[in-house]
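Below are my notes on the two-chain model with its ligands. They take the ligand sites, then the domains, then the relation between the chains.

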2 protein chains.
Amino acid sequence: MVQNKSAIFLKYPTEYPVAGEHIDIQSKELTVELEDNDVLLRNLYFSLDPYMRGRMRNAKSYVAGFQIGEAMSGYGVSEVIESKNDAYPVGTIVSGFTGWQEYSVIPGASGLRVLPGARESPIPLSAYLGVLGMPGLTAYASLKIIGKPKAGETIFVSAAAGAVGQLVGQMGKKLGLRVVGSAGSDDKVDYLINELKFDAAFNYKKNGTILENLKRAAPEGIDIYYENVGGETLEAALEVMKDHGRVIACGMISQYNTQQPYGIRNLHHIVSKRIVMQGFIASDFVGESGAFGKDVGSWLVNKEIIYREDVAEGIDASPEAFVGMLQGKNFGKAVVKIADL
Amino acid sequence: MVQNKSAIFLKYPTEYPVAGEHIDIQSKELTVELEDNDVLLRNLYFSLDPYMRGRMRNAKSYVAGFQIGEAMSGYGVSEVIESKNDAYPVGTIVSGFTGWQEYSVIPGASGLRVLPGARESPIPLSAYLGVLGMPGLTAYASLKIIGKPKAGETIFVSAAAGAVGQLVGQMGKKLGLRVVGSAGSDDKVDYLINELKFDAAFNYKKNGTILENLKRAAPEGIDIYYENVGGETLEAALEVMKDHGRVIACGMISQYNTQQPYGIRNLHHIVSKRIVMQGFIASDFVGESGAFGKDVGSWLVNKEIIYREDVAEGIDASPEAFVGMLQGKNFGKAVVKIADL
Ligand SMILES: NC(=O)c1ccc[n+]([C@@H]2O[C@H](COP(=O)([O-])OP(=O)(O)OC[C@H]3O[C@@H](n4cnc5c(N)ncnc54)[C@H](OP(=O)(O)O)[C@@H]3O)[C@@H](O)[C@H]2O)c1
Ligand SMILES: NC(=O)c1ccc[n+]([C@@H]2O[C@H](COP(=O)([O-])OP(=O)(O)OC[C@H]3O[C@@H](n4cnc5c(N)ncnc54)[C@H](OP(=O)(O)O)[C@@H]3O)[C@@H](O)[C@H]2O)c1
């Protein structure tokens, strides 16, 4: 029996969740009685992702909702500390679907992926939650498959300093695109221009409307819109999109925490400009995992791309860090570090 | 010199155009001095199409705007009555881009297509403006190429009793789809069910919201939405769409005559349901013309499909008929008959 601190889902929010009200930390006793093939994990990192806001709803969605009174859950990186599964001996480092908690029992070790050489690798464990994890695969596969980028084209990426946006922008440069980004602070915009080498970027909260900003940053129009934000940003993107443009519909975070969704009034451009707008879920692209791991892994090792993380320390910090990520307080991929290896 | 009655574009409308105010009939003298390769046409039929409303704007669009003081123009069927072009001898029946007028001089016979055997054919000339013309090609090619229909799926067609909608629905049945339609009157709904053999249809102006109507007509959800209307109908379609659904973005006529565009608030379904929404212009599908003419021509001759036209008599009736089409007063493809063959 161990004490297990967890972040518990308490209540359905209607707008932004509030730490302490909708999610709070509780310590529970965990009885560890492993059956055949089960493992006990000591969790090291877990990921904070926008889609989790969708799981805090009392409605059918593409992922099951969180259960009131249970720990929040999501991708994490962990160490096996007790095992009845030969494929996952004690000491193995794994990534998989774990809880926002210090320890997790995983029946049948279901869905756990061994990270070979992770202890010795120059790549930090947290990267498997970001640039080398689900957000990375999302960016990599959707840009290639839905975006159909051609050298010389212009791409606009919203939430560009975030987990997905950082990789989209840098991959865009590698593919010979002109890359334009938007983000919610001047620091993030500086990072896009000076570190990630975007061709242009703007703070969508300043200097006029988003459309005005976008027209200044992409006076020639855009061929691809990498959609992370929705609302006014999507409307602006459709306005400046060129004929045969593509909208990679990855997410619409500006609409996740409001009861008053923004109405998009210029979808007629989809007809007259022959736009393709296509949505997807990261898991649609499991078939790309091999190519993704190889390409992005080598780009990282060769320092051809960089990435930034925003690491909250300790499980106690996780509710606040999650809400902060939804509000744009994260600068880079939002993760929580629970323990050292 | 002949007297040439024409429908002249007088003024940019902001909402519905008004016959007499924005378009009016004028008689002008036409000096016929043909140069080499020119032809003089006696116009027999011309087409009234929703996209023409887009040409009545003082703004850049995918088709050039109408010129104030000039005749309205569009597709027509005509007889060559004077010719300096050996490919188009006197008596030839052609379709092409003509004016809303009794006679047209076509420099170089540019864009004219000979309709061989048209005098003897059982197919009426007006069909080349509808089911065998641009709206037909639109329906045929976009349903196949963008819709990717699979037998057993459900398609929802808006403006289903119109020029494009009629063919989409009947093709849908041929392809083994469950076909659901919406239209703006009970007569049209009866026609969809009883003549075109739709599986379900509703009058979108009655019996609750469009979403309520659509849920009753397609309780199993829809796989394909053939989008002719936009606005509230699009929002309803996204709401009931199934995973991996396709939106064939053909037109959004509910938005053409208003200064207050409807804001679509549920585009997030495009992400979570992995929807593809794709726009197009009929001319993108010229490559399909051969297959289209062959398939639809034989379906017509074999009475496997039917179609309905709404024929206004005489050029004087054309402004009113055009405005009526925009308002849904047409029942079937809207055409104007100017003269008998
Ligand atoms: N389809 C999929 O499978 C899939 C997978 C992963 C992610 N996604 C989506 O991709 C998007 C980015 O996710 P991520 O993991 O990379 O998160 P992230 O960008 O690292 O973090 C979220 C960011 O969204 C921005 N944001 C929040 N509210 C906003 C608003 N009202 N307007 C504009 N920006 C706002 C904030 O940055 P600013 O400071 O710039 O405002 C915030 O930092 C999200 O929409 C997410 O749902 C989808
Ligand atoms: N992309 C392309 O290349 C292309 C080519 C051809 C046509 N189109 C588009 O396809 C659509 C249908 O064109 P069509 O030629 O077949 O015309 P149509 O359907 O024969 O005539 C237009 C019909 O639209 C309906 N309508 C008008 N206002 C409406 C509103 N506010 N809400 C709902 N329905 C409304 C009316 O029928 P109800 O009585 O049912 O309201 C009217 O009869 C249009 O949007 C057009 O722009 C696009």
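1. Basis. This is a predicted model, in which local features need pLDDT of at least 70, side-chain atom pairs count only at pLDDT 80 or more, and totals for chains, interfaces and linings use all residues. Residues are numbered from 1 along each chain as its sequence is written, chains are lettered from A and ligands numbered from 1 in the order in which they are written, and side-chain values use heavy atoms, with hydrogens and water left out.

2. On its own, ligand 1 has 890 Å² of accessible area, of which the protein covers 93% (Shrake-Rupley method, 1.4 Å probe; for residues, only the protein chains shown count as cover).

3. Shell of ligand 1. Around ligand 1 there are 27 residues, the closest being A:Val164, A:Lys188, A:Tyr204, A:Ala282 and A:Asn330 (a residue is near a molecule or strand if one of its heavy atoms lies within 4 Å of it). By class the shell has 18 nonpolar, eight polar and one charged residues; Ala, Val, Leu, Ile, Met, Phe, Trp, Tyr, Cys and Pro count as nonpolar, Asp, Glu, Lys and Arg as charged, and the others, Gly among them, as polar. Chains A and B both supply residues around ligand 1, so the site is shared between chains.

4. Domains of chain A. Chain A is divided into domain 1 (2–129 + 309–337) and domain 2 (134–283), with bounds from an automatic or database domain assignment. Taken over C-alpha atoms, the centres of these two domains of chain A are separated by 29 Å. In chain A, 17 residues of domain 1 are in contact with 14 residues of domain 2 (contact means heavy atoms within 4.5 Å). Each of the two domains of chain A gives at least three residues to the shell around ligand 1.

5. Ligand 2. Among the polar contacts, an oxygen atom of ligand 2 is 2.5 Å from an N or O atom in the side chain of B:Asn330, and an oxygen atom of ligand 2 is 2.9 Å from a polar backbone atom of B:Ala163. A nitrogen atom of ligand 2 is 3.4 Å from a polar backbone atom of B:Leu326. Taken alone, ligand 2 exposes 900 Å², and the protein buries 92% of that. Both domain 1 and domain 2 of chain B give residues to the shell around ligand 2, so ligand 2 lies between them.

6. Chain relation. Chain A is superposed on chain B by a rotation of 180° with 0.0 Å of shift along its axis, RMSD 0.0 Å (least squares on the C-alpha atoms of residues with pLDDT of at least 70 in both). That is the relation of a two-fold axis. The C-alpha of A:Gly263 is the one in chain A nearest the axis, at 1.8 Å. Of the interface residues of chain A, 100% are also interface residues in chain B, so the copies meet through the same surface.

Definitions and conventions:
A polar contact is a pair of N or O atoms within 3.5 Å; within protein, one must be able to donate a hydrogen and the other to accept it, and residues adjacent in sequence count only if both atoms are side-chain atoms.
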